[in-house]
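Visitor: I have a chain open on my screen and would like to walk through it with you. Could you show it here too?

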Amino acid sequence: QVQLVESGGGLVQAGGSLRLSCAASGRTFVGMGWFRQAPGKERDFVADIGWNTGTTYYADSVKGRFTISRDIAKNTLYLQMNSLKPEDTAVYYCAGDSSLLAVRRGPTYWGQGTEVTVSS
């Protein structure tokens, strides 16, 4: 059974930092990514990473502030979020699939989400 379990969300003041984790079990993905959904809005892409290559790609809204990374030995995905803004408030989801293209088109596997709230 494939599982993606996020953790690390919480309440933080603007300008602060949080680190999200996503533990994967049941399989190893070729591409993994982070998405987020703010209240009343659609789910948006945040960042993705090639599991074997380490190649990363970011949405413009988070470039320079967020860093996606992975620990291959632990089969765990991370999202380091710095200089957080109130507009970063959302439920953050990790996702995985058999290619980066599949992740960007709409990944097959999703975690349950972890909530991030940034206060002004």
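Guide: Happy to; what follows is a set of questions and answers on this chain. The model is predicted, so to speak of a local feature we need pLDDT of at least 70, side-chain atom pairs count only at pLDDT 80 or more, and totals for chains, interfaces and linings use all residues. Residues are numbered from 1 along each chain as its sequence is written, and side-chain values use heavy atoms, with hydrogens and water left out.

Visitor: Which pattern does the chain follow along the sequence?

Guide: Helices (H or I, at least four residues) and strands (E, at least two) are DSSP runs, numbered from the N terminus. Read in order, the pattern is β-β-β-β-β-β-β-β-β-α-β-β.

Visitor: What radius of gyration does the chain have, against the value for a compact globule?

Guide: The C-alpha atoms fill a box of roughly 40 × 25 × 25 Å along the principal axes. The radius of gyration is taken over C-alpha atoms, and the globule rule is 2.2 Å times the number of residues to the power 0.38. For 120 residues a compact globule would come near 14 Å, and the chain agrees with this at 13 Å.

Visitor: What share of the residues is buried?

Guide: Buried means under 20% relative accessible area, exposed over 50%, and partly exposed in between (1.4 Å probe, protein chains only). By that rule, the buried share of the 120 residues is 44%.

Visitor: What part of the contacts with a separation of 6 or more joins residues 24 or more positions apart?

Guide: A contact means heavy atoms within 4.5 Å. Among contacts with a separation of 6 or more, the part from residues 24 or more positions apart is 56%.

Visitor: Which residue in the turn between E7 and E8 has a positive phi?

Guide: Two strands pair if DSSP finds at least two bridges between them. E7 (residues 66–71) and E8 (residues 76–81) pair in the antiparallel sense over six bridges, with Ile68 opposite Leu79. They form a hairpin with four residues between them. The turn residue with a phi of about 55° is not a glycine; it is Asn75.

Visitor: Is Asn75 buried or exposed?

Guide: Asn75 sits in the loop between E7 and E8. Its relative accessibility is 12%, so Asn75 counts as buried.

Visitor: How many residues of E9 are buried?

Guide: E9 (residues 90–97) pairs in the antiparallel sense with E4 (residues 31–37) over seven bridges, and Gly31 has Asp97 as its bridge partner. Three bridges join E9 to E11 (residues 114–119), also antiparallel, with Val91 opposite Glu115. Two further antiparallel bridges join E9 to E10 (residues 109–110), where Gly96 stands opposite Tyr109. E9 is mostly covered, and of its eight residues the buried ones number seven.

Visitor: How far apart are the C-alpha atoms of Thr89 and Val12?

Guide: Thr89 lies in the loop between E8 and E9. Leaving out residues up to four places away in sequence, Thr89 touches Ala38, Pro39, Val116, Thr117 and Val118. Thr89 and Val12 are 77 residues apart along the chain, and their C-alpha atoms are separated by 9.7 Å.

Visitor: How far apart are the C-alpha atoms of Ala14 and Tyr78?

Guide: Ala14 is in the loop between E2 (10–13) and E3 (18–25). Beyond four places in sequence, Ala14 touches Leu84, Pro86, Val118, Ser119 and Ser120. Ala14 and Tyr78 are 64 residues apart along the chain, and the separation of their C-alpha atoms is 20 Å.

Visitor: Last one: is Ser21 buried or exposed?

Guide: Ser21 is in strand E3. Not counting residues up to four places away, Ser21 touches Val5, Glu6, Ser7, Trp34, Thr76, Leu77 and Tyr78. With a relative accessible area of 18%, Ser21 is buried.
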